[in-house]
Amino acid sequence: MAAAAVWGTLRGVRRPPQALRRGLAKPAGPRSVRQLREAEEAGPVFQYVGKAAKRKDRVFVWGFCYSGALGVPSFVKPDVGWKKPRRIQPTPYRLETEEKITSAACGYGFTLLSSKTADITKVWGMGLNKDSQLGFQRSIRDRTKGYEYVLEPSPIPLPLEKPQETRVLQVSCGRAHSLILTDSEGVFTMGNNSYGQCGRKVVEDETYSESHLIHQLKEFDSNVVQVVCGQDHSLFRTKKGAVYACGWGADGQTGLGHYNITSVPTKLRGDIAGVNIIQVSSYGDCCLAVSDEGDVFGWGNSEYLQLASVTETTQVNVPRYLPFKIGKIKEAACGGTGNIVLTEEGNVFVWGYGILGKGPNLIETAVPEMIPPSLFGWSGFNPDIRVAHVRCGLSQFAALTNRGELFVWGKNLRGCLGTGRMEDQYFPWRVTVPGEVVDVACGVDHMVSMVKSFT
Amino acid sequence: LNAAPGRAPRQHVRFLPAPGDDGATGLVAARVPVLADHPLVRGPRFRRLKMGAGHRLDVKASGVFVLGIGHGNKLLTDLYNCHLTKVYTVGGLFGKATDDFSDMGKLVEKTTFDHITREKLERILAVIQGTNHKALLMHSNIDMKTQEAYELAVKGLIRPMGKSPPIITAIRCLQFTLPEFQLEVHCLHETQQYLRKIVHEIGLELKSSAVCTQVRRIRDGVFTLDDALPRTQWNLQSIQNAISDCQLKVKTELEKTLG
């Protein structure tokens, strides 16, 4: 050190003391392999997710917002004064929920979400509540009155005997009534009962808004396994394979052999007497039932050629067997004017009236037409893509593939398709959802989907 | 090329003086080669060759690279307008993220990757394929409400026939041994750096990070690896053979697509 200092002074060069010396910059240039390897080994390793990370369950909603059915209050009443209320949510929007939602149903302007939890709150509702289809939602401002529009998923109090043991299996919504299915305490119905669709006697001039009445139905031949709401009627499917119906019957949708209203759930006869039914479906005024042997039966409205393959009449009030030679049927779904079925091989067939999914030229057909699987992503490169589920809204259809992709088509009423565009879609179109879609519920002008995240 | 036997020289008729029988000079017609066609006068036949390049292949990538010679350059523009898909094998490595998405870049981050399984990767690839398929239909500029759009969509023939952002038509996983993996990508209008970016984004989606180790083009429209000439075969004979083999393929493809 001293020698260096002496040397510096001898040469006449003034050097700054060691502490203040600035290092000379190293020349930049393409890094050699050795430099790269050293820099790599010196870096810290970050861990974002561990080996046992589970996939998260999410709920996505899209469609018409003003009714509050999407459950996001800032769409209807924005938090900031300068923002305008959003009329339509054209693409999937994430809805935060407290629990994992196992079943969802979209009615005409309202939505029900339910979870299989053992907590006290098992069902949440949002949207229109003018007929108490979401139960009684007590208003904070006035404790005697209820809300007409519910903007956020609000818990629905159910009169359960064992609230911490019973689990809610499924929910279903119609035009102004809703059904909640539990595993041990029967079916709870609420909402409009002017046609007996809630399963209780019709009371003249009853006011349905702000009503606390939730009816419980228990008298069936065995446990109810599936509940389905049509527009103004209700269908119940029991474990033994029988189907019960109540509600409006002017189009024969109750299938009981007459065109009057029924206020007590009654068993259906006709072609399904004695047949083990594994699935029922309805949304408008037409109903379809699938048996365990792959046959499909239909009854109800046939003005749009839904049942024209067996009869010329426009209303069918007894379940009729539909002789389609398309293979064993696994699942069926009914819309307002069109029907869709899924066969065991994974093929999708549509018939009825409206935008059926085979281009703008096919408007109506009485015989089921197959939708080519290449529209669902099937190709020589991906030969094992199959449609796993089919769902129907009032004038739109949805199909879920085994890869978790959601395809929609039909009339794009107020943005309900979720494609991001406002135009009608004449053939199946993918909806980009950030996750694997497990189930979807279609309504008139909005849709709700249950999604699992990717990783 | 210049050493190969060239065209035969043109012949023309000239009247040459020849000795007559009586001592008077007469003219005799004779067919002689034109002096201007003589190789020593004309010089070598080929001094320059016009060469054109097909779709770009950058320095860090390898694979099939299409070139056109002379009159073949006109076919190059036609092939470009066909908008055919190209196929790449892309190799990736989990656990690292670099600034230029390849393993020769400056390290940005290191992450763990033991939670990644083949099933998760395939799920991400399915979603990439789905969104790109949607982009394919949207950028093809066809009105979705027409019957012909429906028919083309059923056959799978909808393709953007003009400028469009890079679109991946098909992607699948060929090999998966942690930390390395290999993908086969069919794409349109892409650059190799875009493919490296896709590898990086796959790493991000899987909550880890990935860099691209290899990009190799194995197919460019009608030309596959079998038609391509490796470095050892860059001689006149193999080039001529390759041109004659591909001629028919190129012609049928152009007729099919451009009509």
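The expected span of a helix is 1.5 Å times one less than its number of residues. This is a predicted model, in which local features need pLDDT of at least 70, side-chain atom pairs count only at pLDDT 80 or more, and totals for chains, interfaces and linings use all residues. Residues are numbered from 1 along each chain as its sequence is written, chains are lettered from A and ligands numbered from 1 in the order in which they are written, and side-chain values use heavy atoms, with hydrogens and water left out.

**View 1. Helix α5 of chain B.** Helices (H or I, at least four residues) and strands (E, at least two) are DSSP runs, numbered from the N terminus. α5(B) has 14 residues and reaches 20 Å from its first C-alpha to its last, close to the 20 Å expected at 1.5 Å a residue. Its buried residues (under 20% relative accessible area with a 1.4 Å probe, protein chains only; exposed is over 50%, partly exposed in between) include Leu195(B), Ile198(B), Val199(B) and Ile202(B). Among the elements covering the buried residues of α5(B) are β6, α3 and β10 of chain B. Lys207(B), with a positive phi near 60 degrees, follows α5(B).

**View 2. The largest nonpolar core.** A nonpolar core is a set of buried Ala, Val, Leu, Ile, Met, Phe, Trp, Tyr and Cys residues joined through side-chain atoms within 4.5 Å. This one has 26 residues, and those touching the most other members include Phe94(B), Phe181(B) and Ile202(B). At least two residues of this core come from each of β6 (86–94), α3 (118–139), β9 (167–177), β10 (180–188), α5 (192–205) and β11 (210–220) of chain B. Beyond its neighbours within four places in sequence, Ile202(B) is in contact (heavy atoms within 4.5 Å) with Leu121(B), Leu125(B), Ile128(B) and Leu183(B). A second, separate core of 24 residues includes Ala333(A), Val348(A), Leu356(A) and Val390(A).

**View 3. Gln279(A) in strand β16.** Gln279(A) belongs to strand β16 (residues 277–282) of chain A. Gln279(A) counts as buried because its relative accessibility is 15%. A polar atom of the Gln279(A) side chain lies 2.9 Å from the backbone nitrogen of Ala332(A). Leaving aside neighbours within four places in sequence, Gln279(A) is in contact with residues including Gln226(A), Arg237(A), Val290(A) and Glu331(A).

**View 4. The two assigned domains of chain B.** An automatic or database domain assignment divides chain B into domain 1 (1–48) and domain 2 (52–226). The C-alpha centres of domain 1 of chain B and domain 2 of chain B are 60 Å apart.

How values were computed. Polar contact = N/O pair within 3.5 Å; in protein donor to acceptor, adjacent residues only side chain to side chain.
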